[in-house]
Amino acid sequence: MPLSYHHTIGAIGVNLFKIARKPIYGYSLAASTALFAVLFDAIQLLQAFSPSMAAVKGLYGSINEFLKYCSQSGDSAYSAFRSLLERLEDPKTRTEARIFFAHLKKKLESDGASGHCLDTYHFQIQDVYLGQNEGYQTRNKLTMMVIPSIFMPEDWSFTFYEGLNRHPDTIFKDKIVAELGCGNGWISIAIAERWLPSKVYGLDINPRAVKIAWINLYLNAFDENGEPIYDHEKKTLLERVEFYESDLLSYCRDNHIELERIVGCIPQILNPNPDAMSKLVTENASEEFLYSLSNYCALQGFVEDQFGLGLIARAVEEGIDVIKPMGIMIFNMGGRPGQAVCKRLFERRGLIVDQLWQTKILQASDTDISALVEIEKNNPHRFEFFMGLVGDQPICARTAWAFGKAGGRISHALSVYSCQLRQPNQVKKIFEFLKNGFQDISNSLDLSFEDDSVADEKIPFLAYLAGVLKDNSHFQYEPPSGSKRFRNLIAGFMKTYHHVPITADNVVVFPSRGTAIENALQLFTPRLAIVDDHLSRNLPRQWLTSLEMEHKENDNLSANAITVIEAPRQSDLMIELIKKLRPQVVVTGMAEFESVTSSAFEHILMTTREIGARLFIDISDQFELSSLPSSNGVLKYLARTPLPSHAAIICGLLKNQVYKDLEVAFVISEEPTICKALSKSVELLQGNTALISQYYYGCLFHELLSFQLPDRHLPAEREPEVAKSSEMIGYSTSAMSVLTSSEFSITETENSPLIHMDVDQIFLPTPTPVKSAIFESFARQNVTESECDITPSLKKFIKTTYGFSTNQNSEFIYADCPQPIFTKLLLTCIQEGGTLCFPTGSNGNYVSVAKFLNAKIVPVVTKLENHFKMTENLLSGVLENVSKPWVYISGPTVNPTGVIYSNEEIGDLLTVCAKYGARVIIDTSFSGVEFNSSDWDLDGSLVKLISGKPSFNVCLLGGLFFKMVTGGISFGFLVIDRRFWDDGVYNFSGMNKPHSTVRYTAKKLLDLRDQNVGHLLDATQGQRKLLAGRFKRLKETLERCGWEVVEADAGVSIIAKPSSCIGKNIQLNKEDGSGSSWKPNLNDSNIREAMVRATGLCINGPSWTGIPGYFRFTLALQDTDFNRALQCITKFSELVK
């Protein structure tokens, strides 16, 4: 195969060079050497203008013409090299183009033009030395070219490369790497040359930089003769490196490239002209603008913008998205903001940081630091500069700017940081959530922890919470006994770590340990209870001062008549008291020295069994959420023996590493009737246990169970209980009546999913601002008390919404939801000997609570012609026969009817109440979703009232979960005037308060509402419109099926009468599996049961609404469930015959 012209001439030159050291015949050695030198120059000249240059000769004629063209402008030079790049990319012309570059470089060197080439020809070709041949590299220098519009290798990038060198040689070997801000590509190429990664992606937002980087890749992938250069693995740089135009990591993200290493040397000086960075980045942009991309950055929307670090912050967050879990990110950062600020940028995003290398460099003379001076004017932070390279005392940006203007040289620290994700999968999940519509709260995120145990607890929870908020449009219905998932986790932990074989059905969840104890005492209403003095602190004060134990036992005693005797925790003293006083209920913990073995517990168990006392044993202090929990005598006993029917275990969860005041509790009983009764007590007296608290501790249980192999241990074999308990106290008469006759939510089974139109919960999509506030409340650290103080915001809320003013005598009381507050109000009413006046058509849960606590109740019978609203005449007719009246008013929106009290109507009712000196509870909990306007001015009504009875007083009960459409986050409040409440206010002291994160969330939402922020305002208006439309659709469906519907103007529920169903039959299969059928004659008492058994739709019956013949349907379901509910109503109508 014939040689090319170039190869032929080249071969002649080499042979001439070999024989040049021998004399030519007839000439001296000196003359011969001179002659050969002339011939060799001629050969080089032939090479320079050989036919191999035809690919460029057509454009420029010669190297001189090429240089002449480049000298015209930077744009001309870039155009010339872009054309050459096209030839380098084409395998047919690649060799010739590469040889051209070799000769171009030699030409510049021979002409002595290298030093001023950039000024003359607008490009420069230079060698970059990599140091000694270490790692896997085979050469110690690279050939690189630059143009004025891109970043040029200098101290910044050299320091960065030195930092990379401090890693072991294996850090990049066979890894997928991306370099951010690659400039002319020298670092990407050097990484590939030295460490042999599988692929390096050089990324830069400057399109010209990317083109030059490709040219440099070809210059180093092929030698001066155009031959490929192979490494140890027989690959060329062209196989290892690629360059792409990319705004940070957008190329990798868009192409689903997972990276193992990310390196970056990117700008961190804010542009003094903010508008300058808003230009479109294109290949044809000005050289000045394209070069500025290497020195300046624009505001990125991160808190780090104030330090000029916004672009790096965005790079880190994008890196978290695309990096593999065990990946490493390495960034070069100037120390101008201060080392602590630089490190925090990484740490608050969940990265563990290691400073690889630090030095000082002179501040580039072409970089304007005036933007940093402006930041210092409005910020207490001071940047760090130094006077020259030897200065050791930092100076601020303003001083540095002045010193530089006066001709001084300023320097700053330059550091290389290496970082890895602390808990990769969880942190990536958190940022995946944030980038999907929640970017505005990323500035609140703080994943920096001094204590690893805190990080190990909080980061998994944030990841779980992010998953819940991201994957669920709304918060799911959970039964009053607690989240099924949470109860399963508790049972799983007991089984795995303590070998106690219980199930979720043996567990009931409470808001707190104190709540669990109080509910148990109210359930049994004992004449006398002995309570461990460590556990009695939050019980109602009257229980601790009562002497009812001296009176004869009376089944009609109210919950207020309970007598509690405090006792020491030591078992022998407790047992002596039990034997002497013979209480009906005992609540105690175990002393630390007695808790290791089960003997003390067994002794108390036997003693209470003998006298027929109920025993609630508290294990909170000994219970550990740990993979190596300490010995627990009570649980040792349960591992080998079933829990006796008279005993139950109470455990308050307060031992977490992050939130010392975040509590949830659970009760374990192996007696099914006790579990059901306790569950119903939660539904009545507390409403529910905060889901977020269950989520938090559920995460801790999950972390301890997730690595365990399932069913690895055989089920524990337990000895049957032999001894039987003496006759024990049962539920109080009032409690038993309510438990058996009142309506409670229906518990669904795994095989029968139900549609709940019978609970006061919101299942509509949770608005984005609400999700954002929830996550932010946990994502932040060191939240101040003022940021959780909801009172100022709430004062404004009730003033603007209800026209209700507060003053220095006003007291605000908070709870997880309004229901426990109402329970405490009832206890105060009972304590004062008051009578509660309920209009028929009130909240059925509240009526049941009053009956459960054996309060005095008088109904105000409302009428259909008034849409079941209470009128002044009806109220007057009742109050004239009641002493110490308490009046309950649901408004402006009435639950369950959905009708509205106008401002005039509420004024008339308050006038009547003032006349009779009634205490008034205005319950606004179900207001806020009015289809039509319902402005109240309570101040205007109250100021007109002059009561002769000082007992008249108005308190405002409310919640935000309807008014603010907050989904699964509930919040209850009560506003009272402490002057009128005497000792009644003490009843609220033991109530479970909302956690600081909930208060932060509620305050955030109230402030957003006050600001009329678009997203929340739109969500509120959208849900109001949605519910109005749903009322219309539900009304049409019910009327089509023969129900009489009461017109509603607001709220999330309506009532209707099944006129066409009464007296008719429906045939259903019995649930006992016998195959026989159930064929009831439909009436008020069985339609609810028939509806759920026939269709799975849960509604409230007349015993809940308080209105004979009328049933309640709630509207706030997710779309799918609401549509299914309409189908269920139609199906039920078709089944009725």
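This is a predicted model: local features need pLDDT of at least 70, side-chain atom pairs count only at pLDDT 80 or more; totals for chains, interfaces and linings use all residues.

Analyst: Residues are numbered from 1 along each chain as its sequence is written, and side-chain values use heavy atoms, with hydrogens and water left out.

User: Why is Gln 622 called buried?

Analyst: Buried means under 20% relative accessible area, exposed over 50%, partly exposed in between (1.4 Å probe, protein chains only). Gln 622 has 7%, so the residue is buried. Its place is in the loop between β17 (614-618) and α25 (633-640). Helices (H or I, at least four residues) and strands (E, at least two) are DSSP runs, numbered from the N terminus.

User: Which residues does Gln 622 touch?

Analyst: Contact means heavy atoms within 4.5 Å. Leaving aside residues up to four places away in sequence, Gln 622 touches Met 590, Glu 592, Ser 595, Ser 630, Asn 632 and Lys 655.

User: What makes β21 and β23 edge strands?

Analyst: Two strands pair if DSSP finds at least two bridges between them. The open sheet has 7 strands in the order β21-β27-β26-β25-β24-β22-β23, with mixed pairing. β21 (810-815) and β23 (856-860) each pair on one side only.

User: How many bridges join β25 to β26?

Analyst: 5 bridges join β25 (residues 919-923) to β26 (residues 953-959). At least two are needed, so these strands pair. They run parallel. Val 920 has Val 954 in β26 as its bridge partner.

User: What is the largest cavity, and which residues are closest to its centre?

Analyst: On a 1 Å grid over the protein atoms alone, a cavity is a set of points where a 1.4 Å probe fits but cannot get out; lining residues have an atom within 4 Å of a point. Grid points are joined across faces, edges and corners, and a volume is the space filled by probe spheres set on the points. The structure holds 7 cavities of 30 Å³ or more. The largest has a volume of about 680 Å³. Of its 43 lining residues, Gly 687, Asn 688, Asp 760, Gln 761 and Ser 970 are the closest to its centre. α27 (691-705) gives the most to this lining, with 3 residues.

User: Where does the largest share of the second largest cavity's lining come from?

Analyst: It comes from α21, with 4 residues. This cavity has a volume of about 150 Å³ and is lined by 16 residues.

Terms used: On a 1 Å grid over the protein atoms alone, a cavity is a set of points where a 1.4 Å probe fits but cannot get out, and a pocket is an open set with protein on both sides within 12 Å along at least five of seven lines; lining residues have an atom within 4 Å of a point.
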